[in-house]
Amino acid sequence: GVQTCALPIYHLQLSERAILIVDDLPPQARLLMRVLEQAGYQNLTVEHDPYVALERFKQERFDLILLDYEMPEMNGLQLMEQMLQHQQQFHDGPGDAVDYLPIIMVTADDQESLRIHALSNGAKDFVSKPFNRKEVVSRVNNLLEIRQMHQQLLEQNRELNEQIQERFSSEERERIEEIERGVTEQQFVLLYQPQVRVNKGEAPVLEGVEALARWEHPERGLLPPLDFIDLAERSGLIFELGEQLLYQACRQFMQWLEQGRAPEHISVNLSAKQFSDSKLEQKLDKLLRETQIPPNCLCLEVTESIMMEDIEQGVELLKRLRSRGLRISIDDFGTGYSSLSYLKYFPIDMLKIDRSFVRELPEDQAGVAIVRAIHQLAKGLGVDTVVEGCETEAQLEFLLEEGMRLIQGFYYGKPETGDVVAQRWLL
């Protein structure tokens with residue numbers, strides 16, 4: 001039988017999936033075709049000429065594409081670029097998400113820079129020559145299931161998104177002014193959630209905290225990020241707000257340090273706009289200088305989806321930030337439709353397993369498989385795993401049994417003020 005690795009509810013009709021194989025060498029194309037036919041795929045198209053393949057792609061709808069990198073007339077990267085340009089140009093309409101198109105690059109070249117470049121420009125995975133049959137089938141299955149999940153989510157959310165967009169546009173000006181006032185009057189505060197190191201038979205130890213933004217609204221009380229982050233991001237207010245919160249977090253850490261005891265690090269989230277800010281490094285240098293926080297005590301969290309926007313630039317930026325001594329953590333890993341194979345390119349210290357995979361543990365077999373896979377991969381790369389959303393004894397037991405030691409969630413504490421954290425964990 002064919003092995004698949006996504007949730008059973010997204011069961012694929014393998015025979016219906018349209019796959020395009022583009023390879024200028026007929027024997028190689030035939031071998032790929034045979035491997036996929038044996039795995040149950042019947043709707044396969046092979047083209048040896050990349051120009052013909054491009055025209056065919058423009059006329060027909062394919063669910064997945066395998067491109068040979070080393071074609072002499074137009075290599076796989078150039079063909080992929082043309083395909084993605086065409087797709088971008090002819091998707092449904094303004095405001096609609098462009099369909100997720102899985103493209104696998106087939107290459108004998110193991111050069112890391114080539115792979116990062118291809119991932120940055122739209123490839124979703126690689127298959128190495130000579131082929132390993134299991135690897136080919138597993139990667140094709142994996143990406144097709146991600147595509148199907150993506151399409152189902154798009155369908156479910158399209159109508160909802162339209163309603164939200166309409167409602168937002170009428171209210172947003174007023175809300176932006178409110179947020180602007182909040183930033184000017186410094187109404188935004190941080191709460192801190194413990195990240196606890198747990199070893200069986202030993203007392204749990206506070207290893208780090210995550211700084212979480214809240215809005216102390218004068219009329220509506222304490223508001224969660226959902227009520228302001230998106231608009232702050234879209235209006236550009238996130239730059240000033242993000243900077244305020246970074247300073248708050250560093251000052252709180254230094255206060256704990258002066259009181260005699262602090263956790264190993266404090267984690268602060270960077271939004272997409274902050275991460276792509278050309279002055280980010282300059283601002284961080286100033287922050288480190290002014291607050292005097294030791295760089296290795298500040299951990300910057302970026303989400304997987306932010307990294308996926310431009311892997312090449314993202315990887316380079318993270319390298320430069322780490323060269324300053326800062327720690328880097330990838331947040332919400334596993335939720336952004338990327339393949340686990342991307343992870344080895346990220347220069348990081350920590351990986352956070354998203355709470356959505358932890359919620360139903362240990363009963364949810366799919367959740368068990370995903371959490372286990374991410375932890376094993378992180379371990380192999382020498383990266384710490386932080387598990388978010390641990391709330392019950394049963395979840396904790398399972399995570400400890402699996403060798404996960406760094407836990408964040410309501411089981412050890414909700415987000416609290418700096419004073420409450422100090423009283424509970426640091427005195």
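1. Basis. Residues are numbered from 1 along each chain as its sequence is written, and side-chain values use heavy atoms, with hydrogens and water left out. As the model is predicted, local features need pLDDT of at least 70 and side-chain atom pairs count only at pLDDT 80 or more, while totals for chains, interfaces and linings use all residues.

2. The five-stranded sheet. Five strands form an open sheet in the order E2-E1-E3-E4-E5, with parallel pairing. Strands (E, at least two residues) and helices (H or I, at least four) are DSSP runs, numbered from the N terminus; two strands pair if DSSP finds at least two bridges between them.

3. Its edges. Strand E2 (44-47) and strand E5 (125-128) each have a single partner strand, so one side of each is left without a neighbour in the sheet. On average, neighbouring strands are turned by 20° against each other, direction ignored.

4. E1 and E2. Strand E1 (residues 19-22) runs parallel to E2, joined by four bridges. Opposite Ile19 stands Leu44 in E2.

5. Helix H4. This helix (residues 112-120) packs on the sheet and touches strand E4 (103-107) and E5, contact being heavy atoms within 4.5 Å. The direction of H4 makes about 140° with that of E5; axes are lines fitted to C-alpha atoms, for helices over the stretch in contact, and angles run from 0 to 180 degrees between N-to-C directions.

6. Strand E12. In E12 (residues 350-353), Met350 and Lys352 on one side and Leu351 and Ile353 on the other are all buried, that is, under 20% relative accessible area (1.4 Å probe, protein chains only). Three bridges pair E12 in the parallel sense with strand E11 (residues 327-333), where Ser329 stands opposite Met350. Strand E13 (residues 384-387) runs parallel to E12 over four bridges, and Val386 in E13 is the bridge partner of Lys352.

Methods. Buried means under 20% relative accessible area, exposed over 50%, partly exposed in between (1.4 Å probe, protein chains only).
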